[in-house]
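Hello,

Here is the structure I promised to hand over. Please open it and keep it beside this email while you read.

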Amino acid sequence: MRGRNLSLVCFFLMAANAFGQGGNATITGTVVDASDAIVAGAQIRVTNVQTGVVKATRVTNSGLYVVPDVIPGTYNVEISADGFQAKRFTDVRLAVGQQAKIDVKLEVGSSKQVVDVVGTEVPLLQTVEASV
């Protein structure tokens, strides 16, 4: 009886865990400068256009960033670093379970200057992982 109860508890914990992982999207990518050198510490800000909710992260020493658990919707993504022009991607649409890859090349300049990238759609094709 005790083994059966333990099995049921494990089943429900695994089911709850699997249910919680399926709906949200992830944004990932690399940030480099004009000479393809890593821009470690660059700030990534992801803003939901409908709600105004902001998620932020920084680029790692290996040049990578990950913004996990992003609710599907439309977002503005801004990348900035000291000594570089900020870059903003507007109207980035994320679907359920999508893993969007946005690689960025920053140009030297004042951080108050912003380069807007308009009309760029993140493809629904999964190039980061093998899942359908």
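**What I found**

Start at aspartate 103. This residue counts as partly exposed, at 41% relative accessibility. Here buried means under 20% relative accessible area, exposed means over 50%, and partly exposed is in between (1.4 Å probe, protein chains only).

This is a predicted model, in which local features need pLDDT of at least 70 and side-chain atom pairs count only at pLDDT 80 or more, while totals for chains, interfaces and linings use all residues. Residues are numbered from 1 along each chain as its sequence is written, and side-chain values use heavy atoms, with hydrogens and water left out.

**Salt bridges**

Aspartate 103 has a partner. Lysine 101 forms a salt bridge with aspartate 103, and their closest N and O atoms are 3.4 Å apart. The term means a side-chain nitrogen of Lys or Arg within 4 Å of a carboxyl oxygen of Asp or Glu. Lysine 101 is also partly exposed, at 41%. Side chains of opposite charge can pair when their charged atoms come close.

How many salt bridges does this rule give? The count is three.

Another one joins glutamate 78 and arginine 88, at 3.5 Å from N to O. Glutamate 78 sits in strand S5 and arginine 88 in strand S6, so this pair ties together parts that are 10 residues apart in sequence. Glutamate 78 is partly exposed, at 25% relative accessibility. Arginine 88 is partly exposed, with a relative accessible area of 25%.

Then look at aspartate 36 and lysine 105. Their side chains meet in a salt bridge of 2.9 Å, N to O. They link distant parts of the chain: aspartate 36 is in the loop between strand S1 (25-33) and S2, lysine 105 is in strand S8 (residues 104-106), and the two are 69 residues apart. Aspartate 36 is exposed, at 51%. Lysine 105 is partly exposed, at 34%.

**Strands**

The chain has one helix and nine strands. Both are DSSP runs numbered from the N terminus: helices are H or I with at least four residues, strands are E with at least two. Along the sequence the pattern reads α-β-β-β-β-β-β-β-β-β.

Two strands pair if DSSP finds at least two bridges between them. Strand S2 (residues 43-48) runs antiparallel to strand S5 (residues 73-80), and six bridges join them. Threonine 74 stands opposite arginine 93 in S6. S5 and S6 form a hairpin with five residues between them, and glycine 83 in the turn has a positive phi of about 85°.

**Core and surface**

Which residues have the most contacts inside the largest nonpolar core? They are Val31, Ile44, Val77 and Ile79, and the core has 23 residues. Such a core is a set of buried Ala, Val, Leu, Ile, Met, Phe, Trp, Tyr and Cys residues joined through side-chain atoms within 4.5 Å. S1, S2, strand S4 (64-70), S5, S6 and S8 each supply at least two of its residues.

Finally, buried residues make up 31% of the 132 residues.

Best wishes
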